[in-house]
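Here's a quick look at a ligand and the protein around it. Have the model open while you read.

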Amino acid sequence: MDECIFCRISQGDIPADKVFEDDTVVAFRDLNPQAPTHILVIPRRHIATLNDIDNDAEAIIGRMYGAAREVAAAEGLAEAGFRTVMNCNEAGGQTVFHIHLHLLGGRMMHWPPG
Ligand code: AMP
């Protein structure tokens, strides 16, 4: 998926402010942060939307949450709390079609989200 911007970030072809990476996932700071800390956790494997998760990919989703937990702790967010969000397709607000978990923290979150 050469044209996918998040694949290119994963491969190191496009710079990003990476905070974590392993064989399965990469985490980097969002270019347009919506909170004092706003990090995206993506899988290295190209998966367009949450609708495209198959049985194999369920383990990847688990790793994304594991990485989010580790990054939240490293960023000092664990005790106060934080939010994780994955948008799906147009009505869900998805704009980049390579799944990503938003990790937001550093301020009070509101509910319901807009
Ligand atoms: P979503 O609307 O859920 O698809 O979220 C896409 C997110 O990706 C937005 O919060 C963007 O600000 C962010 N984004 C897009 N391009 C980049 C990039 N090159 N580096 C970091 N964040 C990006």
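## About the model

This is a predicted model, so to speak plainly about limits: local features need pLDDT of at least 70, side-chain atom pairs count only at pLDDT 80 or more, and totals for chains, interfaces and linings use all residues. Residues are numbered from 1 along each chain as its sequence is written, and side-chain values use heavy atoms, with hydrogens and water left out.

Helices here are DSSP runs (H or I) of at least four residues, numbered from the N terminus.

## Polar contacts

Look for N or O pairs within 3.5 Å. Aspartate 30 has a side-chain N or O atom 2.5 Å from a ligand oxygen. Histidine 100 puts a polar side-chain atom 2.9 Å from an oxygen of the ligand, while glycine 93 uses a polar backbone atom, also 2.9 Å from a ligand oxygen.

## A residue in H1

Phenylalanine 6 lies in helix H1. Why does phenylalanine 6 count as buried? Because its relative accessibility is 7%, and buried means under 20% relative accessible area (1.4 Å probe, protein chains only).

Key:
A polar contact is a pair of N or O atoms within 3.5 Å; within protein, one must be able to donate a hydrogen and the other to accept it, and residues adjacent in sequence count only if both atoms are side-chain atoms. Helices (H or I, at least four residues) and strands (E, at least two) are DSSP runs, numbered from the N terminus. Buried means under 20% relative accessible area, exposed over 50%, partly exposed in between (1.4 Å probe, protein chains only).
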